[in-house]
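Here are some notes for a first reading of the model. Please keep the sequence and the 3D view open while going through the points.

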Amino acid sequence: MTLTDTQTTPVPADLPADLLDLDARDPLAHKRAEFLLPAGVVYLDGNSLGPLHRSVPERIERVLRGEWGEGLIRSWTANAEAALDWMALPDRVAAKIARLIGARPHEVAVGDSTSVNLFKALAAALALVPDRRVILTDADNFPTDLYVAQGLNALLGGRYELRRVPNTEIAAHLSLEIAVTLLTEVDYRTGRRLDLAGLSAQAREHGALTVWDLAHSAGAFEVDLNGAGADFAVGCGYKYLNGGPGAPAFLFVAERHHAGAPVALSGWMGHADPFEMARDFVPAPGARRFVPGTPQVLSLSALDAALDAFEGVEMAELRAKSLSLTDTFIGLMEPLCAAHGLMLVTPRAHAQRGSQVSYRAPDAQAVMRRLVERGVIGDFRTPDILRFGFTPLYHSHADVWRAVQGIRAVLEGQTP
Ligand SMILES: *Cc1c(COP(=O)(O)O)cnc(C)c1O
């Protein structure tokens with residue numbers, strides 16, 4: 001299969017004029033050409049694995065042959081004046097992510113997986129509220145968030161209660177017992193978005209700290225962690241940030257906690273001067289102290305290149321387009337839902353919606369398998385969810401139209 005410039009995909013002949021018009025006025029339309037996507041595919045799974053940005057293969061080739069092959073060990077410090085050395089790579093990537101999440105560059109650490117960063121964030125947050133014993137979380141939180149909390153609690157002697165409540169009832173469960181809230185802003189199944197600013201403020205009023213999982217937020221719409229007064233946050237490099245499979249994740253630690261938050265995974269690369277090879281851990285300034293080991297240079301380089309897709313992009317513009325795409329999709333799907341027993345589980349209210357749309361559907365797994373065979377790639381989530389992610393950087397309203405035609409064909413039982 002060839003990877004093509006998707007701009008060459010012909011506009012469907014039956015595309016309604018209003019959608020054609022929305023695409024013609026799309027200020028982000030030019031971004032689509034920056035991504036390499038397989039021909040004939042409508043890719044609605046960038047919320048699980050973002051596609052390949054055009055700059056990545058060339059960058060990886062340069063890192064492999066030039067920086068690794070030729071430069072060898074020298075590349076750790078080569079071009080340090082221009083901050084183009086491998087040692088500076090995590091900070092360079094952190095600065096790019098910081099802009100997308102309303103953080104200052106020194107509040108963001110890049111490296112390890114989201115799961116590992118959840119551990120670091122939760123360990124630090126719990127230590128900052130030593131007199132409380134309850135972690136408040138969403139009963140349907142992403143499994144890794146729940147498992148990390150369980151594992152950390154076991155390590156800490158099981159002294160915490162992991163209180164799991166429906167995500168519509170978080171505010172009602174805030175109390176003076178809560179040490180930390182561990183919440184994912186956008187539910188991976190339903191696409192319901194929590195009120196990050198409101199809940200952060202309410203948690204603060206109750207003396208609790210917040211740990212936010214931004215897996216389905218960062219790069220999907222504007223996030224303002226400092227505006228919200230959030231304490232800790234983590235997020236994925238390979239979803240809306242398009243860093244590639246297994247890309248390094250990020251950790252946000254608000255500046256006010258830098259001095260007091262303990263570093264559970266204190267490694268030599270989080271030391272203020274790693275090559276001093278000192279006997280005792282002295283943390284590096286800022287959030288960098290939370291990255292314990294050697295930076296993952298190959299995957300960091302891919303993420304660094306991919307993040308250039310956001311250069312010059314206004315996050316408010318991105319959000320407006322995301323809502324237009326999901327509104328259009330929800331509208332076009334309505335007659336199909338009525339005819340085939342699908343139920344929209346994503347809130348219609350814009351404030352409660354991320355950048356995905358999900359339906360409960362009879363026989364959802366088989367439906368998604370047939371959709372993928374037709375080139376409409378979303379995903380199935382247990383028990384009966386069809387999930388479609390929309391990414392304003394490379395989707396058009398014509399893609400939404402194509403996707404709905406594919407879904408219609410599958411639901412009506414047409415063979416591909
Ligand atoms: C995708 C996702 C993760 C992934 O964690 P990894 O450690 O990267 O595997 C974590 N949390 C949420 C909410 C996710 O959607």
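1. The side chains of Asp304 and Lys96 meet in a salt bridge, with 2.6 Å from N to O. This pair links distant parts of the chain: Asp304 belongs to helix α8 and Lys96 to helix α3, and 208 residues separate them. In the whole structure, a search finds 24 salt bridges. Bear in mind that this is a predicted model.

2. Which residues form a negative surface patch? They are Glu222, Asp224, Glu314 and Glu317. One of them, Glu314, sits in the loop that runs between α8 (297-306) and α9 (315-340).

3. Strand β9 (residues 209-213) pairs with strand β10 (residues 232-235) in the parallel sense, over 3 bridges. For Asp213, the bridge partner in β10 is Val234.

4. There is also an open sheet of 4 strands. Its order is β12-β13-β16-β15, and the pairing is antiparallel. Why is one side of β12 (343-344) and of β15 left without a neighbour in the sheet? Both strands stand at the edges and each has a single partner strand, so one side of each has no neighbour there.

5. The contact between β12 and β13 can be checked in the view. Strand β13 covers residues 356-360, runs antiparallel to β12, and is joined to β12 by 2 bridges. Leu344 stands opposite Tyr359 in β13.

6. Two details of the backbone deserve a look. As background, most residues other than glycine have a negative phi, and most peptide bonds are trans. Asn79 has a positive phi of about 60°, although it is not a glycine. Its place is the loop between α2 (55-70) and α3 (89-101).

7. The other detail concerns a proline. Is the peptide bond from Thr382 to Pro383 cis or trans? The bond is cis, with omega near 0°. Pro383 lies in the loop between β15 (379-381) and β16 (385-389). Both of these strands belong to the sheet of 4 strands in point 5.

Conventions. Residues are numbered from 1 along each chain as its sequence is written. This is a predicted model: local features need pLDDT of at least 70, side-chain atom pairs count only at pLDDT 80 or more; totals for chains, interfaces and linings use all residues. Side-chain values use heavy atoms; hydrogens and water are left out. Patches are made of residues with over 30% relative accessible area and no salt bridge: like charges are joined within 9 Å, nonpolar side chains (Val, Leu, Ile, Met, Phe, Trp, Tyr) within 5 Å. Accessible areas come from the Shrake-Rupley method with a 1.4 Å probe; for residues, only the protein chains shown count as cover. A salt bridge is a side-chain nitrogen of Lys or Arg within 4 Å of a carboxyl oxygen of Asp or Glu. Lys and Arg count as positive and Asp and Glu as negative; His and the chain ends are not counted. The place of a charge is taken as NZ of Lys, CZ of Arg, CG of Asp or CD of Glu. Two strands pair if DSSP finds at least two bridges between them.
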